[in-house]
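Please open the structure in your viewer and keep the selection panel within reach. This tour goes from stop to stop, saying at each one what to select and what is there.

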Amino acid sequence: MLIHVRHRTRYIYDRPVHSMIQALRLMPRNHEGQYVRRWQIDLDQDGILRPGEDAFGNVLHMLSLEGPISGLCITVEGEVEMQDTNGIVRGALEKFPAELYLRDTPLTIADEAIIDFAKSVAAKAGGSELKILHALLAALHAEIVFDTQQTDTATRAIDAFKMKQGVCQDLSHIFIACARVLGIPARYVGGYLMRSDDNIHQEAGHAWAEAYVTGLGWIGFDPANGICPTESHIRVGAGLDYLGASPIRGARLGGRAEKMEVEVTVANTYQSDPAQQTRWSQPTAAIVQASQQFQA
Amino acid sequence: MAFDEMRLGDGGIRAPYLEVANWLQGVTSAQLERRRAEAELFYRRGGITFAVYGDAQGEERIIPYDIIPRILSAAEWARLKAGLEQRIRTLNLYLADIYGPREILKAGIVPEDLVWRNPAFRPEMAGLAAPHGIYIHIAGIDIVRVDGDDFYVLEDNARTPSGVSYMLGGREISIRLMPELYAAHRVAPVENYPNELLATLRSSAPRNATNDPTVVLLTPGQFNSAYYEHSFLADKMGIELVEGSDLFVRDGIVFMRTTEGPKRVDIIYRRVDDAFIDPLVFEPDSMLGIPGLFAAYAAGNVTLANAPGTGAVDDKVVYSYVPDMIRFYLGEEPLLKNVPTWRCRDPEHLRYVLDHLPELVVKEVHGSGGYGMLVGPHATGADIALFRERLKADPTNYVAQPTLSLSTCPSFVDNGIAPRHVDLRPFVLTGADGIRIVPGGLTRVALREGSLVVNSSQGGGTKDTWVVEA
């Protein structure tokens, strides 16, 4: 299946920004079941995207801009040929042994509540690691209410777990925290999801988790949807947590307050029709958490 | 009875201390007291203070200074120096290895989890070439002795060791307040430390820097407990003392804001912890760092001293493998001893430790500053019971060592001159052009009678350290 993605991030500043710098993880790589046909990142400002790779093997672009800048629009657009792999990730660039992904991070560290939850799920599921992970996937999908209002990008797994609410990022963090508690290496994956309900316009990218199962390797788990990733999941960045796979991390000098709008469309290429193309120009603006600000 | 560096068991005086022993015979307590008061005034006027963490008031204090110098003979120093050089070469090779080809893990010498699960290991550093292969430009390796023969390494302190301003301040006081004693010895100089540090930093410039690279000292700011030292060193080296907001990164190059416009920066002696140096890579809320700094480092456009992730050798379990690392990387036998260390993560070691708590020192694997440790022989039953529980609950977080009978040196305390336990922190500098160590270092002294904890945060003081030609 050929999936078409368009992801636009627009920043609008109250006052002109003096200078800004961003680290972008916005470019998928090839691995089994995922072949990038074409992909490009466009800016509406003059600036150089310096390509590189981070320590986890993600494509990383650094962007520096000199002001005055009143706004910035980053548009990612491309096509990816996808095949279902039953959630198994093979042929991805692996820079570390799986054991590294047992490390805690502030966003994914477990507390007593998560430890108890993980252990009770594991005890009930019994059997293999794979069985336990599937039980965890189902339990989290059932237990945590999908809610975009309660959490933001800085919410820790322990806080989201306490509220029993969150978005795909929070569910992934909780899943990762539980897996690590059980001694199973786990990591965070950011990317895009083509939704099954034909709703091609989205307010954000998608996120899920991967866990390392001895004998099988890395396997994806999407706790927000209660499934393993399918041919509809385009994998872009992976890391220990959201921060390591974050699509955009930026800092700026000046500009005062900021508004950020994100529009994402993900569709089967052969499904996109002109009507949907015109809808692109009037998307429902979703104002999401402003990127972190750096003031001198 | 601990080994005293001045007085032998039979009452005789060890050769390096003959002059000091003579001088102590002729000096009165009143004279010593006056000099101590003058020394304190010197520190107070100079603003050489430190903040004690965990102190509710966060109050600034003066570290007590003991005016009786500690003496090392040139021969003792030569042995120690060779051992320190061997050690720092090894630690730099180890870091280049774990952030590079990982040979020591493949060889099964160091267990993999000590790298992958070590919180001070920075995965972001993997695969990057540190400029000139140097990770630890400045180390403050803590040394103790228990007899006249051997030196033991207690800790390697490869992150951002502090205390060098006390070494330099102490020497200034010695020269001013005890000119007669100082003149009676040929004391190796330490005053050139700032020059040696600057030379080390300049030699470590990225390969694309000019012949006259720009060095700056990055401080977290005036509220940091070591701010005095940051401003002192920047001043002595004649380099800019900067905070994160004074620097910026554009297209992979670090610049400093100056009145004449942006100036490229090549080497940053940073006294800001790893987690705070770049909000785009590490702690996202940090206001102390420079966004984009890490990418500039990864691109080879700036040198960070020390490199991020050097704390991976400060882990006390990793410490226990350093002798094996020396054999692995250099094919040499260690010149300095390691303190025997029980790794509580090993069930057999744990059993031994639990059975012998009253005689052992128990330390947290990632602890420092003398916090969170148990000194068995000096601990109350309640302390021991508390640590027993902690050890059982989280054994991987602890190591234990025998309680070393640290050497003592004559010190001036309330009831006159008495032996007090000491350690030594030499500052080991590694540049592209070699290793530099000014002779001596910072001697820390546990001024409380019988105490073995020399940390300034725990009531320790300092002494000047004289390396003397016979």
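Two strands count as paired here if DSSP finds at least two bridges between them. With that in mind, and remembering that this is a predicted model, begin by selecting β15(B) together with strand β18 (residues 398–402) of chain B, which run antiparallel and are joined by two bridges. Within this pair, pick out B:R343 and then B:V399, its bridge partner in β18(B).

Now widen the selection to the open sheet to which these strands belong, whose four strands follow the order β15-β18-β16-β17 in chain B with antiparallel pairing. Look at the edges, where β15 (342–343) and β17 (374–375) of chain B stand; each has a single partner strand, so one side of each is left without a neighbour in the sheet.

Stay in chain B for another open sheet, this one made of three strands in the order β9-β10-β11, where the pairing is antiparallel. Its edges are held by β9 (247–250) and β11 (263–264) of chain B, and because each of these has a single partner strand, one side of each is left without a neighbour in the sheet. Select next strand β10 (residues 253–256) of chain B, which pairs with β11(B) in the antiparallel sense over two bridges; if you highlight B:F255, you will find its bridge partner in β11(B) to be B:R264.

The next stop is the largest nonpolar core, which has 208 residues, and in which A:I114, A:L136, A:I174, A:F175 and A:C178 touch the most other members. The largest share of this core comes from β4(A), which supplies ten residues. Centre the view on A:C178, which, leaving aside residues up to four places away in sequence, touches A:I114, A:F117, A:A118 and A:L136.

Finally, turn to the place where the chains meet. How many residues does the contact take from chain A and from chain B? The contact takes 22 residues from chain A and 20 residues from chain B. On the side of chain A that touches chain B, select β1 (2–24), β3 (48–53), β4 (59–82) and β13 (248–254) of chain A, each of which supplies at least two residues, with β1(A) giving the most, at three residues. If you colour this side of chain A by residue type, its residues divide into 14 nonpolar, three polar and five charged.

Note on methods: Residues are numbered from 1 along each chain as its sequence is written. Chains are lettered from A and ligands numbered from 1 in the order in which they are written. This is a predicted model: local features need pLDDT of at least 70, side-chain atom pairs count only at pLDDT 80 or more; totals for chains, interfaces and linings use all residues. Two residues are in contact if their C-beta atoms, placed from the backbone, lie within 7 Å. Ala, Val, Leu, Ile, Met, Phe, Trp, Tyr, Cys and Pro count as nonpolar, Asp, Glu, Lys and Arg as charged, and the others, Gly among them, as polar. A nonpolar core is a set of buried Ala, Val, Leu, Ile, Met, Phe, Trp, Tyr and Cys residues joined through C-beta atoms within 7 Å. A residue is buried if 20 or more other C-beta atoms lie within 10 Å of its own, exposed if 12 or fewer, and partly exposed in between; C-beta atoms are placed from the backbone.
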